[in-house]
Amino acid sequence: MRKILISAASSGTTHVVIGPPEANTGNTNVLIHSLYIVNTDSTPIGVDLYLSLDNGSTVNIPILDGIKIAVGYTLDVFDGTPFEYSDGYGLFFKMTDAAYTANVTGNYSKVERMLN
């Protein structure tokens, strides 16, 4: 299983894709092995993390909703537990305020889904 690096940054409320964009192949899942959100701001920040069916515009399934990360801290989002979702979704994050900044890092792989 080939792991692919996640590396993204945000400096505002624009949603940023952090996994592969949704492919909707019908037979592939995305397996997030690790995901860290690093507060690179000089103040505490708020972060949203969500799955989206439509490129982050309207249909969102929240994973983290406005979670606060203190100055100098890193959040291990899934605490070492792999997180798997259908490739019909995209995984996005954004700041809750336009003035905040953060980096996201981790890795994922694509796995074939068993079809019935």
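Author: Let's come in from the side: β2 and β8 run antiparallel and are joined by two bridges. Here, Val 17 sits across from Phe 92 of β8. What you're looking at is a predicted model, where local features need pLDDT of at least 70 and side-chain atom pairs count only at pLDDT 80 or more, while totals for chains, interfaces and linings use all residues. Residues are numbered from 1 along each chain as its sequence is written, and side-chain values use heavy atoms, with hydrogens and water left out.

A strand is a DSSP run of E, at least two residues long, numbered from the N terminus. Two strands pair if DSSP finds at least two bridges between them.

β2 belongs to an open sheet of four strands in the order β2-β8-β4-β5, with antiparallel pairing. At the edges stand β2 (16–17) and β5, each with a single partner strand, so one side of each has no neighbour in the sheet.

Check out its partners. With β5 (residues 60–69), β4 pairs in the antiparallel sense over eight bridges; one example is Val 47, whose bridge partner in β5 is Ile 67. With β8 (residues 90–95), β4 also runs antiparallel, this time through six bridges, and Ser 52 has Gly 90 as its bridge partner there.

How buried is β4? Eight of the eight residues in this strand (45–52) are buried, so β4 is largely enclosed by the rest of the structure. (Buried means under 20% relative accessible area, exposed over 50%, and partly exposed in between, using a 1.4 Å probe and protein chains only.) As background, side chains in a regular strand alternate between the two faces of the sheet. In β4, both faces are covered: Ile 45, Val 47, Leu 49 and Leu 51 are buried on one side, and Gly 46, Asp 48, Tyr 50 and Ser 52 are buried on the other.

Pick out Leu 49 next. In the largest nonpolar core, which has 24 residues, Leu 49 is one of those touching the most other members, along with Ile 18, Ile 32, Leu 35, Ile 37, Leu 91 and Phe 93. β4 supplies at least two residues of this core, as do β1 (4–10), β3, β5, β8 and β9.

Finally, look at Asp 48. Its side chain meets that of Lys 94 in a salt bridge (3.2 Å, N to O). Asp 48 is in β4 and Lys 94 in β8, so the pair ties together parts that are 46 residues apart in sequence. The structure holds one salt bridge, the term meaning a side-chain nitrogen of Lys or Arg within 4 Å of a carboxyl oxygen of Asp or Glu. Asp 48 counts as buried because its relative accessibility is 10%, while Lys 94, at 23%, counts as partly exposed.

Key: A nonpolar core is a set of buried Ala, Val, Leu, Ile, Met, Phe, Trp, Tyr and Cys residues joined through side-chain atoms within 4.5 Å.
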